[in-house]
Amino acid sequence: MVYIDQIIQRDPNPFDAETFWSGNFWQEEQDPNLTVVSIHRDVVVEIQDWLNQVAIDNRTRTLMLEGETGSGKSYLLGRLKRIFNCKAFFVYIEPFTASDYIWRHILRYTVDSLLEIPEGYNESQLLLWLKGLSAFENRNFLDVLRGERQAFIRNISGNYPAGIYNAAEFFGVLYDLTNPKIYRLACEWLRGDDLDEESLKILKVQNSIETEDAAQKMLANFGRISAETVPIVLCFDQLDNIARTPEGQIDLQTLFSVNSIIHNQKLKNFLVIISIITDTWRQNLNRIQPTDKDRIDANIKLKQITIDQAEELWISRLYPLHKQAYPLPSTNLYPLSRQILEENFPGGKTKPRNVLMLGRQVFQEHKIGLIRNDEDNINNQKATILQAELVTDSLAAFKLVWLRKFSQIQERIIRVRQLASPELIQMLAEALAALQVQGIQPRLLPSRTYTSYSISYLQKGQESQRIGVVWTEDLNMTKFCNLMKVCQEMLDENLCQNLYLIRYEGVGTPSNMGYKLYGQIFQDSPHHHIIPDINSVHYLATYHSLVNDAYSGDLVVGDRTPDLKELENLIRESKLLQECRLLQDLGIFPATTTPQKTEIDWRSNVEDFLVNRIVNQKCIARQRLTQEAINQFSQADEAEVHQIILQLCQQKHNFHVHNPEAKPEEQLIVVTADK
């Protein structure tokens, strides 16, 4: 027999903040068992109706999904993707960082999302879309692989005699998607990467998609052809961290202008969903042109949930624990109760996140109470559980949230130039701001083409010295040459005293003009070229994702929902960014002695994880804790993790093994009060 209270003591809190869901719905899969179908059911049905209309007549529609923070907007987008991915292709658009780069940003994230593999399928949305075209109806897909490229182009061009931008090149690159050897290169061209001449020759195209106009027309191509298959759903989310206007306001007008162009240019077969916080919309409503607001087909508002739905939400989280227990608990809400919901939400309505956070608090109270009683029974003395046990250690909780995000980013970003230069430089600027670097200014370079690639800030301790930073990963050497010219002009105007070029990709050969200009600027001079490592990008992208969550009110750390200022305090206090080698190379932190992780570093990371997990849970099964560490760190094995846990219990007087004489699977690691 395994009683429910035993399970509660040994398992993690099912309402932990790191299990909350936010942001890009391609970064993690939702567990359908945790979805309460009745919550926002009317909204799901309404959006399904709009999607069906687009599928019938291929006319693009735009919906505004409006709700308060914590109402479940991002979760709902993921739920829509999970339910309707069989009848539409879903695209998640991250917040755009430069208004003059928005079309290229949308195209990049459209292709990136189309490269994702939907649940239940073995191929990406892009290949599923390609197979759905009439050009493949009467032939085996393998025949296409063996066929002639030109024949394919003629075949598909016959179906689209007009209305396709740069048709021959576009269809040719679509054909290249069927060639495994150049599939990735074809994807890079479609997403708007600035490729070098050799790559362009392989793809038999003249130019990259390097302008806003070209990106807009390429997006129209996708819509035009997808009319043969299924609609494309463009989801814009977390808009509180998009590019700013010169007045410092979020630039919603640019997004709504884009939406109007999508309608005016009659881009086909898109369902555009703009997810926005109610307060954000109210504050910016009057800044949007009336004609652009008229392009919204429906404003869908997320309502608060009822006590019955809140109860279902708790039940869904508790069920995995209950099904392990024998005998079954007295109620399917144990150790919670409906009375707690009614007392805390006397109006009968609330938001899903409030319900989950309350569930965490009450569950933790019960868990600690069980350990306290157990200690009393065993020791016949006053329990030594922490007196402040119900107050979550924010730093420990934050490090766990960080680790979860960091792992997601590591899986998703495998190359430095997977992100566009405006995104990379914005991520760096956010990290510098969190580290209290002074005088940060965007857009250092005077050229409109490259201004969003650059920032500047004041040298610490030398406020008269301005540091300039330019980040570019464009492969095209002509563009690199032009950038070097702009950098030289900027230096001639003394807009900064020291310049850092951040670039992983090559800088050309001695015969290139760009290489020569590069040498004049960065060789034997106070200026520096930094070659970033992918791990540094992971650090910056993880923090950027948390910034998005903080701005949109989606960031939950323990029992708190930190705003940006609180997040910046947490990132400084945690010292996590000190491990970012790029920030070391910029002189923000002292450089480490070796660029590679040592065995000591690895063990230190495991130890840090274990400490944070124990502090966050206050009580957890030793075996469960060990398995979590093994899952998180591939280098770890069971014996090593067990040894680290025992060392922690010896070194930290407020950690101890509860019931140490029991079998290992029955032992608990408990946080106790200082003696």
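**View 1. Cysteine 481 and its closest cysteine sulfur.** The sulfur of cysteine 481 lies 11 Å from the closest cysteine sulfur, that of cysteine 487, which is too far for a bond. (A disulfide here is a pair of cysteine sulfur atoms within 2.5 Å.) Cysteine 481 counts as buried, at 9% relative accessibility; buried means under 20% relative accessible area, with a 1.4 Å probe and protein chains only. This is a predicted model, where local features need pLDDT of at least 70 and side-chain atom pairs count only at pLDDT 80 or more, while totals for chains, interfaces and linings use all residues. Residues are numbered from 1 along each chain as its sequence is written, and side-chain values use heavy atoms, leaving out hydrogens and water.

**View 2. Cysteine 496, another buried one.** Its relative accessible area is 2%. Searching the whole structure turns up 0 disulfides.

**View 3. An open sheet of 3 strands.** The order is β13-β15-β14, with antiparallel pairing. Strands are DSSP runs of E, at least two residues, and helices are runs of H or I, at least four; two strands pair if DSSP finds at least two bridges between them. β13 (619-621) and β14 (655-658) sit at the edges with a single partner strand each, so one side of each has no neighbour in the sheet.

**View 4. Where β13 meets β15.** These antiparallel strands are joined by 3 bridges, with β15 covering residues 668-671. Cysteine 619 stands opposite valine 670 in β15.

How values were computed
Buried < 20%, exposed > 50% of the residue type's maximum accessible area, 1.4 Å probe, protein only.
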